[in-house]
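Me: I'd like a close look at one part of this model, the place where the two chains meet. Could you walk me through it?

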Amino acid sequence: MISFRNVNKHYGSFHVLKDISLEVDQGEVVVVIGPSGSGKSTMLRCINRLETISDGELVVSGIHVNGKQTDINDLRKNIGMVFQHFNLYPHKTVLENITLAPIKALGVDEKTAQETAVFYLEKVGIPEKANSYPSQLSGGQQQRVAIARGLAMKPKLMLFDEPTSALDPEMIGEVLEVMKQLATEGMTMVVVTHEMGFAREVADRVVFMDEGKIVEEGRPSEFFAQPQAERAQLFLKRVLNH
Amino acid sequence: MLDFSILTTYYDLFFKGFLTTIEVSIIGLICSFILGVIVAVMRIAPLRILNYFGTCFVEFIRNIPLIIIVFFFYHGLSVYINLSGFAAGTIGLSIYTAAFIAEAVRAGIQSVDKGQMEAARSSGLKYIQAMRYVILPQAVKIVIPPIGNQFINLVKNSSILGVVAGMELMYFADYIHEKTYVTFDTYIFAAMFYLVLTIPLSLFVNYLERRLARSY
């Protein structure tokens, strides 16, 4: 479903992504971990072209993300994204946040969009907040709305960019629960996170990045028990002993 | 003590000018706002050629005196088209004010968290849709105070029509002054008419600002 082939990205003279090659299959949950500044988020943001790549090839659902003929809006309709800081629209209610893109981008009628929104709000456990504004919700609730907003487009793929990093510790669980449920339902997910427990429990594959490179990847049971790369061993030692 | 006979004798002229000033202000307000928003979006659109034209417009217009712009439309274009003082003045005033509004709107748009645009675009909305439904409604809250100030300036700057026979308040104040040689009182009364417009406008902007601060 996602295919990175020798992808590089530069910010000026800074080489952010170095020769990235990665395949993600349909229905797979891939968790990307690594130290800050290792290029995890940048790699994720390349998938829906929030960042452009400098060279190499990036294909999503058979479409070249950076192809000149590619209608990026069409491609993005199939890729949901959840951000670290939720990025809910503060001037719109929860329901309006969720229905905006289905109505304006997909052309769904308002009634159907609202029914879909309520369905996904129930799925993330906060249907009673439909008419609230984001500022009236806790961080965990906001992030669940953001997930519902992504799901309402019925995407083939969901991207999560550190979805729990901005949350209070007691809010993290409720967001991870929703993500686990999604994973069990077969959603293709790429998750950048520092939640090692989630990676261990939910991921089909863990990708460890450092200094713009994929240093190691493997099944979570193997990766967490016996990381091969020295940098991954050091990272896990520091993170798990924290 | 003010000579109120100036006001009572020439009340009809003052009032006629006052109505024209209101007319110019309303037309100017609408046109400059629409043009200003378009130019602001051009300045930040992800298309370099639009940025270039937007920037040229703002830098060119806001750095020359208003009277030159009005003269351009009144005298300069007279070779090709004969615009009335009212039309030339209103067009010049609208274009001049639009440059300042564009800057205020641009600053407002750019102060909206960039994650908002990312969230909107990543959900498949087109750039224009993201602007219309997500960014601009949030920017409005930020730009109300500076735009309100520009509208107050626009009302005051409408006095420029006085020099191109625009038949507004200042034109008739000049006319009354020339007829009566009563300088101080005539212009004090003219100023009062401007205050009748600008003070409520100023209060309204303050009210809007407070109301928007309470919203969401």
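Which residue forms a salt bridge with B:E118, and how far apart are the closest N and O atoms?

Reply: B:E118 pairs with A:R45, and their closest N and O atoms are 2.5 Å apart. A salt bridge here is a side-chain nitrogen of Lys or Arg within 4 Å of a carboxyl oxygen of Asp or Glu.

Before going on, some ground rules. This is a predicted model, where local features need pLDDT of at least 70 and side-chain atom pairs count only at pLDDT 80 or more, while totals for chains, interfaces and linings use all residues. Residues are numbered from 1 along each chain as its sequence is written, chains are lettered from A and ligands numbered from 1 in the order written, and side-chain values use heavy atoms, leaving out hydrogens and water.

Back to the pair. Helices (H or I, at least four residues) and strands (E, at least two) are DSSP runs, numbered from the N terminus. A:E51 counts as buried at 14% relative accessibility, and A:K9 is buried too, at 5%. Buried means under 20% relative accessible area, exposed over 50%, and partly exposed in between (1.4 Å probe, protein chains only).

Both A:K9 and A:E51 touch A:C46, which is found in helix α1 (residues 40-47) of chain A. A:C46 is buried, with a relative accessible area of 0%.

Now for the interface as a whole. Chain B and chain A bury about 1700 Å² between them, 58% of it on carbon and sulfur atoms. Buried area is the accessible area (1.4 Å probe) that two parts lose on being put together, summed over both. B:S122, B:Y133 and B:Y216 supply 32% of what chain B buries against chain A, more than any other three residues. The contact takes 19 residues from chain B and 23 from chain A.

There are also 8 residue pairs in polar contact between the chains (both at pLDDT 80 or more). A polar contact is a pair of N or O atoms within 3.5 Å; within protein, one must be able to donate a hydrogen and the other to accept it, and residues adjacent in sequence count only if both atoms are side-chain atoms. On the chain B side, the elements giving two or more residues are α6 (114-122) and α7 (127-157). The largest share, 8 residues, comes from α6(B).

Helix α7 of chain B holds B:Q129, which counts as buried at 18% relative accessibility. Leaving aside neighbours within four places in sequence, B:Q129 is in contact with A:K104 and B:V134. A polar atom of the B:Q129 side chain also lies 2.9 Å from the backbone nitrogen of B:K126.

Note on methods
Contact means heavy atoms within 4.5 Å.
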